[in-house]
Amino acid sequence: MTALAWAVTLPPLLGLVAVHPRCTASAAGTALSIGAAASFASAVALGVYDIGHAPAQALEGFVYIDPLACFFALTVALVVLLASLGSAAYLRVEEENGALSSFQVRLYFVFFSVFSAGMLASMFAGNLGLLWVLIEASTLASAVLVGLDAKARALEAAWKYVIISSFGVTIALVATVFLFYAGSALHLGSNQRLTWYYLFAHAHALQPGALRIAFLLAVIGYGTKVGLVPMHTWLPDAHSEAPSPASAMLSAGLLNTGMYAIIRYDAIAHASLGASYPQDILLGFGFATMFVGVMFMLRRGNFKRQYAYSSIEHMGIVSIALGFGGVLGLFGALLQVLNHAIAKAVLFLTSGQFVLGYKTREISEVRGALGALPFAGGVLVLASLAVAGTPPFGVFLSELTIVRAGFEKSPVLAGVFLVFLAVGFIGLIGSALAMATGTAPSALPAPSEPYPSRTGRLLAGVPIVGGLGLLVVLGLFVPSGLGELLMHAAKVVA
Amino acid sequence: MVATSTLEQLSTSSVAGTLLSLGAVAILILAFSCLGSKLFTRYVTYYGAQSVVLSFVAAVVAYRFDSGELWALAALTLVVKGLAIPLVTRRLLLERLDLKRDVALSSGLSTSLIVGALLTAFAYLTIGATVLPHGLVATAVVPLSVAVVLLGGLTMVVRRHAVAQLIGWLITENGVFLGAITLAATFPFIVEAGVFLDLVAAVLIMVVFVSGITRRLASATATELRELRG
């Protein structure tokens, strides 16, 4: 099982071929995509294998593999695969039309590989200190992707991103120290006092005061990574300025990594302090986050910014689902993590088609895309419908599960949740329809074909179509193996 | 099985306890000095001095408990935070970008000092009484370290220049470190080493971004970083 975990974590590092000074975007993209495919295949194998087996640990608990870890690794590996294919296509075009120099392209692939491997590794970090180190490391690697094109706007976004998230993650380090202190009554070695498995097993013996502080600081600290309000301010900038495949990685991958850390802390707090303290905190942050997310989605400005606010909304939804609690709430939260990851990766990859084709990120400068760029316009509408939670896409099913969990807890909260969902729907679908339909005013330049070569079109199209197909499958039914993995993972926490 | 919670039981009256408390007070004063200063070279000097005191504190704990890992940590702190980071910031940022006087403050110095004092009181009230038992050195030092964390954050808020924000974050990091060695002397060394590695990588990446921003905007103040809103 440990060998499979390494086989999930290491293959994306194939993209490191880009350190070679004469490496081109197509060579690096191919290597990265092969690595990502291998990693995803291993993640599927690990998930299947894990269902019938007890959790495994290695290296004094620094590596820990349980259903929760397997599920998140599967989600992130899938996002890495979709974004790698997208990167191979996107970066090739950017290199050919001279928007990025060969050095910048190589920088992109090197840090993309490190970023992916860091995120995947953090899923198997059984030691909460190691988890912190890996999450901070992947944050730093991704900051380079945000600031890649070195224009003033990108540098500003990258600076805001790196300074605010580093500060937030430092708060999470304080949480780690307090958690370590909360276990001082336990007769465990120093490594074990940060090992999630031991802490969870001895949760009743942890010092409650220190644990309360640790949980609150962990939600604030890792919540900065997740984009919980009011620590979300870096998120729309970073996600809109990064190259589109990197935005997909940030929105669909990195946010989930932060959420994974919060779930680990939530499990300990839940087992030690009872359900109400962690649930109240998560519900509070969740509703504030969802409110701000949907309100800013009503603005019609930069479409990548709107998608970033939609990610904020969805992280609020996951947090609310964790707050509703119960096996149903946790099942819904995890299913939502997976569905949102696929849908948002597809939506950001689609936005790349518009950035390349129309050379703009403004909603108002894109009209009649269905006529001018039929593929891009069509998938934009479908992907927006998927993210907004329309059947038959998977997000609908997971949001329905969360609403059911909500009615069990409190009908009023579930009602507010539904209203917020409706507002988000209006914002997202409104702008998608505005971009896809209508006639382009003659003042606007006609769009060019985003991917001139046939290979490029294929590489860019496969992850979008494949992701949409997966979402339809997940919307019709949850495959039994996946459902079982999810159930096991939800029971780890509940 | 490692002997646990050794330092947590160190009393304030012992020699090591007194040295720790004194060191923590010096670290707090240096954080206030940084908050009350207006010259870029002073920021870096105060940060360097604070790191040297911090490595002294780590050395006291290492001596008291005869821990090789803590000696290594004290040495790392001295070399990386006390010498290397101040040197790199001076050479690559202050001298090359010709930074002298920081004018990008969003509030007056006296206001920020008063807010800083309130934050320190807040740290004492929330952490001291509720969580930690009385009479131990951790009870005296941990509120101070939380105050340093908050003061570092405050520095990042009231300073708009990117270099000053970087120093604010580093001060926060020092506060966390002070809390970690007193609250949890047995904190795993591998994790601490990883934290150091991340710190070095973060400083390098931030230095690159700051010089990039400064070259494009002539002055890297957040007031001019206004393109991204809403």
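In the predicted model, 39 residues of chain A are in contact with 40 residues of chain B, where contact means that two C-beta atoms, placed from the backbone, lie within 7 Å. On the chain A side, helix H5 (128-146), helix H6 (152-182) and helix H8 (208-226) each supply at least two of the residues that touch chain B. Helices here are DSSP runs of H or I with at least four residues, strands are runs of E with at least two, and both are numbered from the N terminus. H6(A) gives the most to this side, with 17 residues. By class, the side of chain A that touches chain B has 23 nonpolar, 11 polar and 5 charged residues; Ala, Val, Leu, Ile, Met, Phe, Trp, Tyr, Cys and Pro count as nonpolar, Asp, Glu, Lys and Arg as charged, and the others, Gly among them, as polar.

Residues are numbered from 1 along each chain as its sequence is written, while chains are lettered from A and ligands numbered from 1 in the order in which they are written. Local features need pLDDT of at least 70 and side-chain atom pairs count only at pLDDT 80 or more, whereas totals for chains, interfaces and linings use all residues.

Turning to chain A as a whole, its secondary structure comes to 19 helices and 2 strands. The C-alpha trace spans about 70 × 55 × 45 Å along its principal axes. A compact globule of 494 residues would have a radius of gyration near 23 Å, and the 21 Å of chain A agrees with this; the radius is taken over C-alpha atoms, and the globule rule is 2.2 Å times the number of residues to the power 0.38.

One helix pair shows how packing can be described. Helix H3 (residues 67-96) and helix H13 (residues 326-358) of chain A pack at an angle of about 5°, with axes 10 Å apart. The axes are lines fitted to C-alpha atoms over the stretch in contact, and angles run from 0 to 180 degrees between N-to-C directions. H3(A) and H13(A) are therefore roughly parallel, a label for angles under 35 degrees. Among the residues making this contact are A:Phe71 and A:Tyr90 of H3(A) and A:Leu334 and A:Gly352 of H13(A). The residues of the contact divide into 15 nonpolar, 3 polar and no charged.

Key
Angles under 35 degrees count as roughly parallel, over 145 as roughly antiparallel, 65 to 115 as roughly perpendicular and the rest as oblique.
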